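Reader: Could you take me through one part of this model up close? I'd like to start from the way the chain is divided and end at the place where the two copies meet.

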Protein chains: 2
Amino acid sequence: MTRPNPPGPNSLDALFAPRSVAILGASDDATRIGGRPLTYLRAAGFQGPIYPVNPTRDTVQGLKAHAAVADLPETPDAAILALPAAKVEEAVTALAGRGVKACVLFASGFAETGETALQARVAAIAREGGMRLVGPNCLGAFSVPGRFYASFSTVLDRGVPQQGGLSIVSQSGAFGSHLYYLARQRGLGIRHWITTGNEADVTVAEALEYFAHDPGTKVIMAYAEGFTDGDRLVAALEAARAARKPVVFMKVGRSEIGAAAAQSHTAALAGADAVCDAVLRQFGAFRAQTTEELVDIAHIACAGALPAGPKLGIVTISGGVGVLMTDAASDHGLDVAPMPQAAQAALKERLPFAGVRNPIDITAQAFNDPALLGDNLKLVLKEGGYDAVAAFLTSVPGSAANAAPVRDALEGVRRAWPDFPLVLSMLVDDPLRLEYEAMGYPVFADPSAAVAALAGARAIRAGFDRPAPPAARDAPPLPDGPLDEHAAKQVLAGAGIPVLTEHLATSADAAVAAWRSIGRPVAVKLVSPDIQHKTEVGGVVLGLNDEGAVRDAFDAILTRARAHDAAARLTGVLVSPMEGGEGCVEVLLGVQRDPVFGPVVVLGLGGVLVEVLGDVTFRRAPIDAAEARAMIGELRGAALLDGVRGRPPADKDALVQALVALSQLAAGQGARIDSIDINPFLLRPQGQGAVALDALIVRRQEGQS
Amino acid sequence: MTRPNPPGPNSLDALFAPRSVAILGASDDATRIGGRPLTYLRAAGFQGPIYPVNPTRDTVQGLKAHAAVADLPETPDAAILALPAAKVEEAVTALAGRGVKACVLFASGFAETGETALQARVAAIAREGGMRLVGPNCLGAFSVPGRFYASFSTVLDRGVPQQGGLSIVSQSGAFGSHLYYLARQRGLGIRHWITTGNEADVTVAEALEYFAHDPGTKVIMAYAEGFTDGDRLVAALEAARAARKPVVFMKVGRSEIGAAAAQSHTAALAGADAVCDAVLRQFGAFRAQTTEELVDIAHIACAGALPAGPKLGIVTISGGVGVLMTDAASDHGLDVAPMPQAAQAALKERLPFAGVRNPIDITAQAFNDPALLGDNLKLVLKEGGYDAVAAFLTSVPGSAANAAPVRDALEGVRRAWPDFPLVLSMLVDDPLRLEYEAMGYPVFADPSAAVAALAGARAIRAGFDRPAPPAARDAPPLPDGPLDEHAAKQVLAGAGIPVLTEHLATSADAAVAAWRSIGRPVAVKLVSPDIQHKTEVGGVVLGLNDEGAVRDAFDAILTRARAHDAAARLTGVLVSPMEGGEGCVEVLLGVQRDPVFGPVVVLGLGGVLVEVLGDVTFRRAPIDAAEARAMIGELRGAALLDGVRGRPPADKDALVQALVALSQLAAGQGARIDSIDINPFLLRPQGQGAVALDALIVRRQEGQS
């Protein structure tokens with residue numbers, strides 16, 4: 001038995017590698033919830049003592065039964081509670097009192113059915129006793145190296161799991177079992193498995209963090225419906241990224257109706273899905289949309305096939321499927337670059353009918369001489385200059401005539417290139433497929449899925465290769481007093497975000513003087529801490545360029561403001577140069593506070609793109625310049641900033657700087673700010689900078705979530 | 001042996017149900033290309049005579065061999081040519097001369113390697129002899145009811161195919177074999193299978209048309225890299241739609257780089273992919289993006305599970321997977337509507353812990369009493385009001401304790417609801433899965449794929465329920481002489497498309513008179529048959545509303561036009577009222593000529609959406625109002641027409657009328673028009689109509705493709 005870390009009171013070691021275990025509600029019937037864990041523990045050869053606790057029997061499945069926790073001859077490291085909800089509180093009290101370090105609670109009938117008070121009491125008892133608690137309303141956990149099975153999932157009926165580096169955490173028990181079944185089907189070896197259910201104590205984020213630090217875990221597969229502990233999730237993802245462990249994540253509730261269903265299914269408050277999505281991407285996790293994609297990416301990650309770049313070589317025995325795979329590569333952002341000319345010529349010499357550019361069609365002739373297949377693949381690997389290669393062989397490697405020589409040829413390739421990201425798409429029976437897997441080839445039935453998996457693996461590798469995220473810097477406290485537009489812009493300017501040079505004028509004479517000093521057409525805008533939507537009260541007049549017009553505008557704006565709200569404090573007007581016009585692009589920048597993940601920065605393109613398509617993107621603050629560039633690239637209308645139809649490209653560098661500065665402001669202010677809106681933020685043509693035309697900062701109220 | 005139709009010279013009957021067959025190049029070695037068809041024919045029990053032709057042997061695989069086609073004792077209906085390219089011309093000449101009705105040509109070394117002349121000669125010989133020809137460069141064809149196997153694909157080594165209603169046509173041999181393997185794996189019964197290769201004669205479109213009219217074919221799966229015969233494809237799709245036969249299509253080359261690869265792989269000219277895509281959708285085919293999706297939709301179609309509406313009930317034993325499936329439904333446009341209150345109450349009474357709204361979480365408790373599982377499913381089917389139901393059962397139906405009672409329960413459900421679109425998502429071993437398939441359940445491992453398949457089946461059913469597409473009406477010939485803006489607008493007006501009321505003025509006085517008669521600000525635009533891009537030569541002046549300004553504009557425009565091109569014919573100027581402004585939306589309408597599919601109508605949203613996102617949609621002309629509405633709905637920025645941010649909704653009805661009229665104009669003009677551009681076409685607020693502000697018609701030149 002491997003024990004990765006010694007059990008400690010505040011870790012999950014006691015859960016995944018306990019030295020001894022008690023089973024409360026242990027049953028003699030191996031098919032019952034209380035019987036299965038015992039059966040699984042013994043089948044796997046758990047190496048410590050197992051203490052069935054059952055007051056009504058002398059033995060359980062041949063082991064001596066104990067009447068109560070108090071009667072156990074020693075304090076077990078862990079306990080499995082196969083008891084109905086009504087008996088849980090008493091049992092947890094006894095276990096915590098005895099000093100048990102971890103317990104697994106199967107029962108339903110807690111928060112998910114409204115019994116939140118009971119769940120809170122049980123969690124508090126465990127916490128006070130220093131006992132970690134999994135569940136309730138879960139299928140428990142198991143550890144293959146620990147030979148520890150605290151689960152009643154029927155997927156374990158299929159035999160003891162194969163050991164490996166994949167650890168799985170799932171909020172849902174049924175889905176966790178489903179994932180285990182699929183991983184097993186793929187031939188992926190498992191390390192730890194845990195389902196967190198109602199998460200009275202242990203959460204998906206904590207399990208993920210444990211796996212990130214667990215030396216034996218190489219790949220992490222995770223499923224959640226929502227999160228409560230955003231900081232912990234971020235720390236866990238960052239720890240996994242720093243340790244170069246792929247995290248493949250399924251977070252459901254992407255759609256509005258799906259999110260509503262998730263909300264009604266779990267008691268937990270989920271952050272906005274778009275923010276979750278951004279955080280997963282930002283901290284290097286791969287978010288899957290379907291179960292199949294989740295398992296595909298975990299599969300390729302377990303094989304260690306993480307391409308160092310986007311260049312994909314496609315080798316097929318069917319020109320058509322080469323095109324299909326090229327479409328998939330294009331969908332997923334991989335680069336189907338042509339082979340170097342010399343390599344094309346060399347291949348053409350060997351196979352006159354081959355397509356040698358990329359996709360590389362070695363035609364079915366490859367199978368007339370399987371050794372040639374191996375040689376040709378080696379040529380592509382050696383000379384192609386690719387970061388990854390996907391080879392489509394359809395059902396040919398399984399045909400009676402070809403099976404042995406093709407396997408030998410491909411084994412030779414793998415031996416020569418043991419670590420290269422090389423995946424196979426083929427249709428063969430399970431035993432032969434598992435033989436190829438054992439050789440080190442991830443095998444996918446679907447050629448598009450093979451390409452998509454490589455793209456996902458590439459994204460994970462790119463995440464590993466990024467520098468660590470920036471630390472948040474302190475920000476000076478917000479000024480006292482009201483945060484009107486002028487004050488908000490001063491805060492932004494102080495944070496390094498360019499704002500319009502503008503003059504606060506408290507008299508018509510001062511407004512005229514301001515216009516003179518600016519020396520070109522100006523906008524005049526009301527400043528009042530009590531009136532936020534100044535456009536709607538006639539508080540904005542644009543394009544003024546003579547003394548009389550500026551003077552009249554000053555008087556008219558204050559008169560209208562007074563008429564709108566006689567009690568409003570009127571600070572004066574802002575006089576600012578007119579901006580925008582030809583060659584400028586308007587974006588919106590902002591900060592929002594996510595209830596789970598805290599301050600996030602928002603970027604969107606102005607006008608119809610944000611209004612009609614909701615074309616915005618998020619990041620948890622703070623971010624660095626690379627992340628800001630990634631945000632810009634994610635906008636569907638990103639091409640607008642590159643200049644379309646003869647327009648000049650916009651000053652993206654200025655936008656990147658502003659995003660970084662805004663994110664540091666947001667992170668530094670932390671809980672003091674509820675939201676910031678910079679709309680519009682005007683991007684001038686490249687090299688000419690950018691400027692915030694309007695700004696609004698809303699302080700966070702005391703006690704606001 | 002079933003023979004669907006008597007063989008006729010111009011049909012494919014001789015290919016799928018010949019009474020006798022010759023094999024040229026027949027080999028004694030059952031593993032060789034010339035040996036395999038004979039092996040397969042005999043294994044399947046082909047019921048007519050088989051004539052091996054091989055001048056070097058007396059017998060082939062125990063059958064008497066003939067030295068030459070001339071020596072055959074009778075004229076066979078069909079011939080299989082397992083000969084190298086160099087011997088094909090002579091053989092085809094002999095076969096055609098003898099009156100053989102169909103031949104299958106395996107050899108490569110024709111158009112795909114540049115030997116286009118040889119291929120053309122062979123095709124001409126066959127055509128003149130009235131012999132249909134499959135290939136060259138293909139894996140041939142087979143027919144399960146005809147017990148006819150004219151293929152050397154190694155997938156047939158796995159045994160005689162199971163008979164059923166699925167016919168498969170694939171341009172690619174390897175991919176056609178791949179599809180057959182997958183269909184077999186799913187337990188789908190096959191009827192006919194054909195790979196068309198270089199398509200010297202028989203094309204994907206013709207095979208599809210044959211299947212559409214073949215009474216035994218119930219579902220059609222098709223693969224192509226491109227099309228040459230657009231009209232035939234449209235006729236085939238429409239025939240299948242009219243016969244309510246689902247067509248599931250994979251057309252590769254979606255991406256730009258994929259299309260380039262396809263072009264280099266096949267000699268064929270492919271129409272623009274976006275147009276192909278529109279035509280497939282318009283004529284009711286489902287276009288799949290991946291192989292898995294292709295087979296998933298064929299799978300559900302073979303089970304006849306075509307939902308009559310979009311309402312989907314989701315039944316799961318895992319709340320989380322319910323959310324996941326809800327996300328998938330939302331992605332694919334299905335409606336996860338709640339169950340009626342009474343049904344919710346009834347289910348809640350039976351299962352207090354169940355989620356009863358939709359997704360319906362019957363929890364794992366369902367398996368404690370599998371009869372209850374059946375009852376609960378029946379309740380959802382009876383009371384839910386759904387068009388389809390997807391049930392997720394993970395691996396539970398395969399667990400030892402549950403397998404038999406769960407199967408009994410689900411068999412009972414299927415018996416009570418034999419035709420309802422009800423799919424299962426479960427993870428079970430192949431034999432049990434095929435048992436469920438035989439029961440009438442389409443089974444999908446992936447729950448998201450189950451939902452996506454139902455959505456695809458729904459789209460197919462919606463296509464069946466649409467009326468037949470409109471017939472093209474004749475259009476009057478285009479006017480003689482140059483088609484300047486004014487003339488173009490008159491053509492459009494004649495076709496029923498609203499154009500701006502405008503006055504052609506040939507003098508400054510006439511321009512002023514026109515402005516007076518309009519009575520509000522006007523635009524003045526150059527009219528010259530020789531200058532098309534009038535904006536670029538200063539030929540447009542906007543917003544004029546006094547006599548001097550109109551007069552100056554007339555002179556200035558003509559002066560600038562003269563300076564630009566002293567030889568240009570200058571007809572005068574158009575004076576038209578200024579249009580647009582608040583509450584109006586600009587779209588672009590157009591007609592393009594696709595080399596394969598002929599005139600197509602184009603709709604896009606004006607401004608940044610079309611410029612940056614390429615947000616346009618296509619249809620083959622003509623279309624009806626429903627199709628025009630579908631086009632509008634496909635625009636990513638469609639919400640812009642519904643009014644966003646307090647803007648009024650645009651007059652969509654006017655847009656629909658204009659699209660229909662434009663499509664009839666395009667279809668009626670047919671080959672006379674190369675393109676039409678109406679940009680912008682201005683939509684006023686709902687009820688206020690629409691108007692073409694600018695228009696350009698380009699005639700088709702003689703001999704243009």
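Author: Chain A is split into domain 1 (1–153), domain 2 (161–302), domain 3 (309–465), domain 4 (501–577) and domain 5 (585–699), with bounds that come from an automatic or database domain assignment. A word on ground rules: this is a predicted model, where local features need pLDDT of at least 70 and side-chain atom pairs count only at pLDDT 80 or more, while totals for chains, interfaces and linings use all residues. Residues are numbered from 1 along each chain as its sequence is written, and chains are lettered from A and ligands numbered from 1 in the order in which they are written.

Now for the boundary between domain 1 and domain 2 of chain A. Their centres, taken over C-alpha atoms, are 23 Å apart. Domain 1 of chain A puts 28 residues into the contact and domain 2 of chain A puts in 23; two residues are in contact if their C-beta atoms, placed from the backbone, lie within 7 Å. On the domain 1 side, helix H4 (116–128), strand S7 (132–134) and strand S8 (141–143) of chain A each supply at least two residues. Helices (H or I, at least four residues) and strands (E, at least two) are DSSP runs, numbered from the N terminus. H4(A) has the largest share of that side, with six residues. By class, the domain 1 side has 17 nonpolar, eight polar and three charged residues. Here Ala, Val, Leu, Ile, Met, Phe, Trp, Tyr, Cys and Pro count as nonpolar, Asp, Glu, Lys and Arg as charged, and the others, Gly among them, as polar.

S8(A) turns up again in an open sheet of seven strands, ordered S9-S8-S11-S10-S12-S13-S14 in chain A, with mixed pairing. S9 and strand S14 (286–287) of chain A are the edges, each pairing on one side only; strands pair if DSSP finds at least two bridges between them. Val248(A) has Phe286(A) of S14(A) as its bridge partner.

Just past H2(A), Gly45(A) has a positive phi of about 80°.

Last, the two copies. Chain A superposes on chain B by a rotation of 180° with 0.1 Å of shift along its axis (RMSD 0.2 Å), fitted by least squares on the C-alpha atoms of residues with pLDDT of at least 70 in both. That is how a two-fold axis relates its copies. Between them, 67 residues of chain A contact 68 of chain B. On the chain A side, H11(A) gives the most, with 10 residues. That side divides into 30 nonpolar, 27 polar and 10 charged residues. The copies meet through the same surface, because 100% of the interface residues of chain A are also interface residues in chain B.
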